[in-house]
Amino acid sequence: MAQAYSPGLTVTDSIVLRKERILPLKGKVLVKKGDKVKANDFVAETLLPGKVVPFNLANKLGVDPKFMKDYIKIKEGDILKKGTMLAQTKGFFGMFKSIVKSPIEGEVESISTLTGQLLLREPRIPVQVAAFMDGVVVDIIPEEGVIIENKSAYVQGIFGIGGETNGEIKVLADAPDAILDPAKIDDSCKDKIIVCGAIATLAVIKKAQKVGVAGIITGGIDDQDLKDLLGYDIGVAITGHEEIGLTIVATEGFGNINMAKKTFELMKQFEGHKTSIHGFTQIRAGVMRPEIIIPIKFEVEELKVKEAKMSELLIGTTIRVIRQPNFGMIGKVTGLPEKLTPVESETLVRILEAELEDGQKVTLPRANVEVIEE
Amino acid sequence: MGDAQKLKRIIATDCGSTTTKSILIEYIDGEFRQTVRGEAPTTVEKPLNDVTRGVINAVTELEELARIKYNDDSIKFTKDNKIWLTNKEDQGVDAYVSTSSAGGGLQMMVTGVVARMTGESAERAALGAGAIVMDLIASNDKRANHEKIERIRHLRPDMILMAGGVDGGTTKHVAEMAELVGAADPKPRLGSSYKLPVIYAGNNKARDIIKETLDKKTDLIITDNLRPTLERENLGPARDKIHDLFMEHVMAQAPGYNKLMSWTKGPINGKLVDIPIMPTPAAVGNIMQTIAKVNNIEVLGVDIGGATTDVFSVFTEQRVFNRTVSANLGMSYSISNVLATAGIDNILRWVPFDIDKSMLRNMIKNKMIRPTTIPQQLEELVLEQAIAKEALRYAFIQHKEFAVSLKGGQRQREISEAFSQSVSGDTIVNMMSLDLLVGSGGVLSHAPRRNQSVMMMIDAFLPEGITRLAVDSIFMMPQLGVLAEISEKAATEVFEKDCLIYLGTCVAPVGKIKHNKVSLTAKIELPNGETFEEEIPFGELRLLPCGVDETAKATLKPARGLDIGAGKGQEVETELHGGVVGIVLDTRGRDPFVLPDSAEERVPLLKKWMKELDAYPMEILE
C-alpha cells in the first residue's frame with residue numbers, strides 16, 4: 001500500500017518559520033537583507049492605482065463622440081483637480097458656452113472618441129506591508145517584498161476571523177476545558193491576546209471588543225455566535241478580512257471543544273510573550289490556516305527551514321479526532337489495519353486503531369483524524 | 001480516433017481539488033475493462049506544490065494493487081519517477097491521459113452586450129468548456145461602469161471571454177466593454193508573470209477597436225463571433241480557444257502541470273502524441289453527450305463534489321447540451337453555503353429525528369473546515385444526505401433557469417423566436433420526457449446503501465413519469481471523457497460495463513389529489529415470477545425487486561387528473577428496467593411535491609418512506 005497521508009496541524013515549542021511579505025503591486029522595499037525587524041515595522045510600500053471613474057463627456061457636452069475632439073481641453077495623462085475644465089463648447093457667436101468640469105481629483109486615464117467616454121483615475125493610494133512577525137530579513141525580492149525568518153513557538157489554528165495583529169499572551173482560562181466568564185476580561189487585557197479554554201462565547205467576544213483586546217485564542221467557537229457577531233452566515237471558508245476590531249483563532253473547531261492540552265500548555269508556557277496572530281482561513285485552492293507565532297531567541301545560523309513533507313500516519317503518531325464521536329480528543333495510533341471496514345454509518349472505510357488520552361481504545365476512519373505535528 | 005485495438009493498458013487520472021484518482025484500463029478477452037483503481041491526496045498546494053507527486057502516489061497505488069490482483073511482482077507502471085509509456089508487451093502502459101480541476105478549476109469571467117443574449121451565449125461557451133463563470137458583465141446589467149471596473153479588477157479570473165454584437169452590427173457597446181476591461185487592467189489569478197488571456201468572440205467589425213484597446217494590456221486572442229447573427233449561436237471556436245488557453249496558460253502556471261503535460265500521451269494513427277489535459281467538467285460533459293448520442297435518449301446528470309455541483313443535460317430532439325456549475329453548492333468546502341442558501345429548516349425537513357439546530361450548524365461548519373472527514377455515526381450520515389438533497393435541489397433549480405430554449409448550439413431560429421424566448425427563457429428541461437438520471441460525486445457514488453442514492457436523487461430532482469436512475473460507481477466519468485479522445489471504444493465499453501451502475505426505475509404520477517384517493521393502479525409482472533398488483537393511494541412509496549439487466553412488464557394507470565406520460569388518467573403499458581435497487585413507485589405527488597410543515601405530520605411520513613425504500617437501518621427509523 002502507498003503511504004497513509006493525513007492532514008496535519010503543527011503545534012510546537014520551536015520551529016524555524018519563513019514568511020513572504022509581498023506587496024500587492026510592485027513598489028519599494030524598505031529594508032535590506034540581514035536587518036532585524038519587529039512585527040509592526042514596515043518592510044515595503046507602494047502606491048495602488050486609484051479608483052477609475054468613467055465619465056461620459058460626449059453626453060455631458062451633448063455632442064456626437066466623433067466631434068468631441070473639437071471641444072476637449074485635456075489629454076491622456078493630465079493631472080486634474082476637482083473642477084478642472086475638461087471641455088468647453090463654442091456656443092453661438094461666443095455666447096452660451098457650456099463648460100464641463102472634472103468631478104474628481106486625479107488624472108486622465110483615457111479618452112475614447114468612439115464611445116465619448118473619459119476614464120478618470122482618482123489619486124494613488126499608499127499601501128504598506130508590515131513584517132507581521134519579529135525576525136530577520138533573509139531575502140529581498142526586488143520591488144516586491146521580503147522574506148523574513150525567525151524561530152518561534154508555533155500553533156496552526158483551524159479557523160479564524162480578523163486580520164494580522166500582535167500583542168502579549170494572557171491566559172484567562174484555568175484549564176483547556178474551561179468556559180471563560182466574560183467578567184474575567186478587564187482593562188488589563190487591552191491590546192493583549194487572550195486565551196480562552198473550550199469556547200469563546202459571544203459574551204466573551206463582545207466584552208473583549210469593548211475592552212480593546214487585540215486577539216482571542218480559543219478551542220472552539222459557536223456558529224450561531226459567529227453569525228450574530230458578523231451579521232451574516234459564512235458560506236465559503238475564505239476569512240480574515242472581517243473588521244470586528246479583533247482577531248479570533250479557533251484551534252479545534254466549531255462548538256464547545258476543549259483546547260488541545262498541548263496547545264493550552266504552550267500558551268501557559270509563553271504567557272507574557274509577544275505573539276503575532278492572524279485569522280486568515282482558506283480551505284480550498286491554496287489552503288491557509290490561522291497561525292499563532294510566538295518568536296523566541298535564536299542565532300541566525302539556526303535558521304534552517306525543514307523540508308516540507310506531508311504528515312504520515314504511523315503507529316505512535318499523535319492524532320486529534322476531528323469528527324463525532326470523540327470529536328476533539330487527542331490520542332495515539334496503535335494500529336493501522338489495511339482492510340476496508342464498515343463503521344456505524346455502514347460506510348466502508350480504511351480505519352485506524354487508537355488509544356485516546358482518557359484511556360479509551362477506539363476504531364476510527366482514517367479520514368476522521370488529523371496528525372498533530374511536533 | 002486512436003488505434004483502440006493496439007491499446008493494452010491505459011492509465012487515466014483525475015487531479016481533483018482534494019484527491020487524485022487513478023484508474024487502470026486493460027484490454028482483456030476482446031474488450032476494455034477498468035480493472036484497478038487507486039487514489040492519493042492531490043499535491044498541487046503547499047507543502048509539495050507539484051501535482052505530479054500526487055499522480056505518482058496514485059499510480060503507485062495502482063501498481064501495488066495490480067501486483068496483488070495478478071500475483072505478479074514484476075508489474076510496473078512507473079519508471080524514473082514518471083509514468084512509464086512503452087509499447088513493450090507486459091511492461092509499462094500504452095497511454096496516459098488526465099483531467100484536472102485542481103486549484104479551483106478553470107475560473108472565467110465573461111462579458112457581453114445584452115446580458116440575456118450575447119452575455120448568456122458567452123456564459124454557455126465558457127461553461128461548456130468546463131469553466132466556472134465567476135461573473136457575467138454586460139452593457140445592460142444595471143451596474144454603474146465604475147462598479148463593473150471594480151468587479152473585474154477584484155475577481156482575478158484565469159481568463160476573460162468577451163462577446164457582444166452580431167457580425168457587422170454596431171461596435172459602440174463592445175468598444176465600451178473593452179474600455180472597461182482595459183481600465184480594470186485585470187491581473188491573472190495564478191501569478192503576475194504573464195498577461196491575462198482575453199478571448200474576443202464578438203462582432204467581427206469591432207476587432208480593430210478591440211485590438212487597439214486591449215492588445216498591449218492583455219494576451220488578446222480573437223476568434224469567430226459566438227453569436228454571428230441573432231438567430232445563431234456558434235460556440236465551437238470560442239470553446240476550442242478556451243481549451244487551448246487552459247493548457248497554455250492556466251495549467252502551465254499551476255505547480256507541476258508543465259511536467260504533467262509532458263506525460264499525457266497516447267497513440268493516434270500509430271504515433272505517440274500529446275493528449276491535452278482536460279478540465280474535469282469538460283470531460284464529464286463529453287461522456288454525458290456520448291451516452292445520449294449512443295442510446296438516443298435524454299439524459300440529466302449531476303456531479304456533486306466538495307466545492308461545486310455540476311449539472312449536465314441533453315434534452316429535446318436536437319439533443320441540446322447544457323452544463324451549469326453551482327460554484328458554491330457542495331458537500332465539504334461549500335457545505336456551509338448550502339446551509340446559507342437553503343436555510344436550516346429546509347435541511348431539517350428531510351431529517352426523521354430531532355436534532356438541536358445549533359449542533360447541526362456546528363457540525364456543518366466543522367465539515368467545512370475539515371472537508372475530508374466522513375460520517376462515522378449513522379445520525380451524521382442521515383444529516384449529510386439531507387444536506388445533499390438541498391444542494392442538489394438548488395443546483396437543479398439553477399440549471400433549469402439556465403437551460404432555456406434559445407440556447408442551442410448552432411440551431412437556426414426565427415428572429416421573433418430568438419427575442420421572445422431569450423426574454424421569457426422557457427426551460428428545455430422536461431422531467432416527463434427525461435429517460436435517464438445519472439448521479440455522481442462522493443455522496444451519491446459512495447453512499448453506504450445504493451437505496452440512499454435513489455432516495456436522494458428522487459427527492460432532489462423529483463423525476464416525473466417513468467425515469468431510469470443510475471450512478472457512476474466510482475466517479476470515473478472524467479477519466480472516460482478524456483479517454484474518448486484517444487479511443488471512443490475503450491471509453492464507451494468501460495462506461496457501460498464498469499462505470500455506470502443502474503439503480504432501477506422511478507415511476508411517479510404528476511399532479512396532486514387527496515391523500516386517501518388511489519393515485520396509481522399498477523400491475524407489474526416481476527422477473528421472480530410474482531405479480532405485483534395494487535391500487536396505491538396518494539402519498540406512498542413502493543419498492544419492488546427487479547435486478548440489473550432484468551425488466552418487468554407493467555400496466556400503469558394513473559388516477560384521473562394525474563399523468564405518467566401518456567396524458568391525464570391515461571394508462572401506460574411498458575417495460576420497466578431494474579437495477580441494484582429495483583423499481584420505485586412514487587405516488588407522493590409532483591408539481592407540486594409537498595412535505596407537511598409540521599414535524600408531527602412530516603416525521604412519520606419520512607420514516608414510512610425511508611422504511612419502504614430500506615434507506616437506513618431500522619434503529620434510526622424506530
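A salt bridge is taken here as a side-chain nitrogen of Lys or Arg within 4 Å of a carboxyl oxygen of Asp or Glu. By this rule the structure, a predicted model, holds 52 salt bridges over all chains. The legends below describe close-up views of selected regions.

**View 1. The interface of chain B and chain A.** In this predicted model, 58 residues of chain B are in contact with 63 residues of chain A. About 5,200 Å² of area is buried between the two chains, and carbon and sulfur atoms give 55% of that area. The count of residue pairs in polar contact between chain B and chain A is 25. On the side of chain B that touches chain A, at least two residues each come from helix 1 (51–70), helix 3 (145–155), helix 4 (172–184), helix 9 (335–342), helix 11 (357–369) and helix 12 (378–402) of chain B. Helix 11 of chain B gives the most to this side, supplying 9 residues. Sorted by class, the side of chain B that touches chain A comprises 23 nonpolar, 17 polar and 18 charged residues.

**View 2. A salt bridge between the chains, and the surroundings of A:Glu252.** The rule finds 9 salt bridges across the interface of chain B and chain A. One of them joins the side chains of A:Glu370 and B:Arg370, with an N to O distance of 2.9 Å. B:Arg370 is also in contact with A:Glu252, a residue of strand 19 (residues 247–254) of chain A. With a relative accessible area of 1%, A:Glu252 is buried. Beyond its neighbours within four places in sequence, the residues in contact with A:Glu252 include A:Ile158, A:Thr218, A:Gly219, A:Arg320 and A:Phe327. The C-alpha atom of A:Glu252 is separated by 22 Å from that of A:Ile185, and these two residues are 67 residues apart along the chain.

**View 3. Helix 4 of chain B.** Helix 4 of chain B has 13 residues and reaches 19 Å from its first C-alpha to its last, close to the 18 Å expected at 1.5 Å a residue. Because 11 of its 13 residues are buried, helix 4 of chain B is largely enclosed by the rest of the structure. Among the buried residues are B:Val174, B:Glu176, B:Met177, B:Glu179, B:Leu180 and B:Val181. After helix 4 of chain B comes B:Asp185, which has a positive phi, near 45 degrees.

**View 4. Helix 2 of chain B and the pair B:Arg124 and B:Glu233.** Helix 2 (residues 115–128) of chain B is mostly covered, with 13 of its 14 residues buried. B:Arg124 forms a salt bridge with B:Glu233, and the closest N and O atoms are 3.5 Å apart. B:Arg124 lies in helix 2 of chain B and B:Glu233 in the loop between strand 11 (219–222) and helix 6 (236–253) of chain B, so this pair ties together parts that are 109 residues apart in sequence. Both partners are buried: B:Arg124 has a relative accessible area of 4%, and B:Glu233 has one of 1%. Helix 2 of chain B is followed by B:Gly130, for which phi is positive, near 95 degrees.

**View 5. A:Asp134 and its two lysine partners, A:Lys38 and A:Lys274****.** A:Asp134 counts as buried, since its relative accessibility is 14% and the limit for burial is under 20%. The side chains of A:Lys38 and A:Asp134 meet in a salt bridge with an N to O distance of 3.8 Å. A:Lys38 lies in the loop between strand 3 (36–37) and strand 4 (42–48) of chain A, and A:Asp134 in the loop between strand 11 (125–130) and strand 12 (135–141) of chain A, so the pair ties together parts that are 96 residues apart in sequence. A:Asp134 also forms a salt bridge with A:Lys274, the closest N and O atoms being 3.0 Å apart. This second pair links distant parts of the chain, 140 residues apart, with A:Lys274 placed in strand 20 (residues 274–278) of chain A. A:Lys274 counts as partly exposed, at 30% relative accessibility.

**View 6. A network of salt bridges in chain B.** The linked residues are B:Asp135, B:Asp141, B:Arg143, B:Lys148 and B:Arg151. Side chains of opposite charge can pair when their charged atoms come close.

**View 7. A:Thr10 in strand 1 of chain A.** A:Thr10 lies in strand 1 (residues 8–22) of chain A and counts as buried at 12% relative accessibility. Apart from residues up to four places away in sequence, A:Thr10 touches A:Ile15, A:Tyr154, A:Val155, A:Gln156 and A:Glu373.

Methods: Residues numbered from 1 in each chain as written. Chains lettered and ligands numbered in written order. Predicted model: local features only at pLDDT ≥ 70, side-chain atom pairs only at ≥ 80, totals over all residues. Heavy atoms only, no water. Contact = heavy atoms within 4.5 Å. Buried area = accessible area lost by both parts, 1.4 Å probe. Polar contact = N/O pair within 3.5 Å; in protein donor to acceptor, adjacent residues only side chain to side chain. Helix = DSSP H or I, 4+ residues; strand = E, 2+ residues; numbered from the N terminus. Nonpolar A, V, L, I, M, F, W, Y, C, P; charged D, E, K, R; others polar. Expected span 1.5 Å × (residues − 1). Buried < 20%, exposed > 50% of the residue type's maximum accessible area, 1.4 Å probe, protein only.
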